[in-house]
Amino acid sequence: MNLLLAPMATLSHQALRNVIYNFGGCDEYYTEMIQAGTLLAGGPFERYYLFTKPEPQKLVWQLCGGKAPALACATELVCNTGGIGVDINMGCCAPDIVRAGSGIAWMLKPLKETEAMLCDVKDVIQKTGGNHRFSVKIRLGDENFTDKYFFSFIDMLSATGVEQITLHPRTKKEKYRQPPRYEYVKKLCHYVQAKGYKIDIILNGAVSDIATYKKAISEAPLIKGIMIGRAAVQKPWIFAQLKGLLTEKIDLLQTALDFIEQLEKYQPPEFYKTRLQRFFTYYSDNVQFSHHLRNQLLNNPTIEGCKQKLHEYFDQCPHERFL
């Protein structure tokens, strides 16, 4: 079973990838969601989105944007940079993303418009050598979605040459508190198999430990992989754990310090605050007094501030340092 790092804004950058790699890595690393138009504008920070390490041979570029020409041009740029695949985000439900015609908005536009965009992207991939896999990440659709429309959307994806679909089986407005609808992942697997489509299906949603991993596989046994997001931030060792390769205790303090060190190396100072806050929002859940530690770290979102608060916490709670 392939295990994939999900594309998460402000999180799936090289610093986090390096920490995951130090625990044994995963099968594929999706980049954080890259805005096609901003990337093409060539701003001062765009180069940080194009880092390919620690394993370029496992890197998948995830692009988002509301304009087909920008997505096609950005595809050419990233294909010429490296990696193994290009993924179009058609599932993000953040209001600003949707208003820009991006993310899940592509599932809500006229089918022909979305099909034309995907054909343009596929053409670019082929023109750059055709060595990059073409994939998409989707949800079920809007709240009033129907099976008929959902599977007609899948037919369109197949017709445009999509080779892999990651399904987050929730609707546009369904939040993480609600369980994902794994039955739709199972339905999708059976559908592409019955149609003879050469499309791999990846499950995304609610896998956070061995028990939920086994549950996901039992609910949708035909999937080719599982994508993990927030749990991989909280536990960068989760991929090794699920593969049965974790043999040593986890040093929570050192892991957090390693992340900070990688952040300093591979992200600009202007990004430190948001990246630190996002990481420690999830990482703090590893300790008993997570609310206290989280508040301390989020209220001190500087390199030295976070180091100090981490040392203070584990000095006071040394029994929590090792898992």
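1. Trp61 stands opposite Val86 in strand S5. The strand partners here are S4 and S5 (residues 85-90), which pair in the parallel sense over 4 bridges. From S4 the chain crosses through helix H3 (residues 68-79) to S5, and this β-α-β crossover is right-handed. Note that this is a predicted model.

2. How many residues of strand S4 (residues 59-64) are buried? The count is 6 of the 6, so S4 is largely enclosed by the rest of the structure. Buried here means under 20% relative accessible area.

3. The burial of S4 applies to both of its faces.

4. Which other strands pair with S4? Strand S2 (residues 28-30) runs parallel to S4 and is joined to it by 2 bridges. In this pairing Tyr30 stands opposite Val60 of S4. Strand S3 (residues 34-35) also pairs with S4 in the parallel sense, over 2 bridges. There, Ile34 is the residue opposite Leu63 of S4.

5. Asp87 stands opposite Ser135 in S6.

6. Strand S6 (residues 133-138) is mostly covered, with 6 of its 6 residues buried. Arg133, Ser135 and Lys137 point one way from the strand, while Phe134, Val136 and Ile138 point the other way. The buried set thus includes Arg133 and Lys137 as well as Phe134 and Ile138, under the cut-off of 20% relative accessible area.

7. Which strand does S6 pair with over 4 bridges? That strand is S7 (residues 164-167), and the pairing is parallel. Ser135 stands opposite Gln164 in S7. The chain crosses from S6 through helix H7 (residues 147-159) to S7, and this β-α-β crossover is right-handed.

8. Asp87 stands opposite Ser135, and Ser135 in turn stands opposite Gln164 of S7. Ser135 is itself buried, pointing the way of Arg133 and Lys137.

Definitions and conventions:
Residues are numbered from 1 along each chain as its sequence is written. This is a predicted model: local features need pLDDT of at least 70, side-chain atom pairs count only at pLDDT 80 or more; totals for chains, interfaces and linings use all residues. Side-chain values use heavy atoms; hydrogens and water are left out. Buried means under 20% relative accessible area, exposed over 50%, partly exposed in between (1.4 Å probe, protein chains only). Two strands pair if DSSP finds at least two bridges between them. A crossover is right-handed if, with the strands pointing away from the viewer, the path from the first strand over the helix to the second runs clockwise.
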